Amino acid sequence: MRPRKECESGVAAPRLHVCIYLQHPFDDCYCMNITGATIPRLLDYCVGDFGSCPIFRKRHRHEKEPAAE
């Protein structure tokens, strides 16, 4: 495990867990239409706990399902 980087004050910087879809987001992702109402969700999900994001969960589940033949 890599140590956390410290900022100038000597306090460890928080570790961000960036969503795997952030560089190529879906049209309905919170980062695609940033407003005052979506900023909290963007911080919670896109650069926080993306595994609990309802959009991530829906999209990620569909990618894991085998294609119907």
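This is a short tour of the structure, stop by stop. The model is predicted.

**Stop 1: the whole chain**

Show the protein as a cartoon. Count the elements: there are two helices and zero strands. The protein has 69 residues, and buried ones make up 20% of them.

**Stop 2: a nonpolar patch**

Select Ile 34, Ile 39 and Leu 43. These residues form a nonpolar patch on the surface. Together they have about 280 Å² of accessible area.

Stay with Ile 39. Where is Ile 39 placed? Look in helix α1, which covers residues 39-46. The relative accessible area of Ile 39 is 39%.

**Stop 3: the aromatic cluster**

Next, select Tyr 21, Phe 26, Phe 50 and Phe 56, and show their side chains. Ring pairs link these four residues into a cluster. The structure holds four aromatic pairs.

Begin with Tyr 21 and Phe 26. The two rings form a tilted pair. Their centres are 4.9 Å apart, with 55° between the planes.

Keep Tyr 21 and turn to Phe 56. This pair is tilted too. Here the centres lie 5.7 Å apart, and the planes make an angle of 50°.

What does the pair of Tyr 21 and Phe 56 tie together? Tyr 21 lies in the segment before α1, while Phe 56 is in helix α2, residues 54-64. The pair therefore ties together parts that are 35 residues apart in sequence.

Why do Tyr 21 and Phe 56 count as buried? The cut-off is under 20% relative accessible area. Tyr 21 has 10%, so it counts as buried. Phe 56 has 11%, so it is buried as well.

**Stop 4: a charge over a ring**

Look at the charged end of Arg 59. What does this end sit over? It sits over the ring of Phe 26, 4.3 Å from the ring centre. Phe 26 thus has two partners to show on screen: Tyr 21, in a tilted aromatic pair, and Arg 59, with its charged end over the ring.

Notes: Residues are numbered from 1 along each chain as its sequence is written. This is a predicted model: local features need pLDDT of at least 70, side-chain atom pairs count only at pLDDT 80 or more; totals for chains, interfaces and linings use all residues. Side-chain values use heavy atoms; hydrogens and water are left out. Patches are made of residues with over 30% relative accessible area and no salt bridge: like charges are joined within 9 Å, nonpolar side chains (Val, Leu, Ile, Met, Phe, Trp, Tyr) within 5 Å. Accessible areas come from the Shrake-Rupley method with a 1.4 Å probe; for residues, only the protein chains shown count as cover. A salt bridge is a side-chain nitrogen of Lys or Arg within 4 Å of a carboxyl oxygen of Asp or Glu. Helices (H or I, at least four residues) and strands (E, at least two) are DSSP runs, numbered from the N terminus. Buried means under 20% relative accessible area, exposed over 50%, partly exposed in between (1.4 Å probe, protein chains only). Rings of Phe, Tyr and Trp (its six-membered ring) pair if their centres lie within 6.5 Å; planes under 30 degrees apart count as stacked, over 60 as edge-to-face and the rest as tilted. A charge sits over a ring if NZ of Lys or CZ of Arg is within 6 Å of the ring centre and within 35 degrees of the ring normal.
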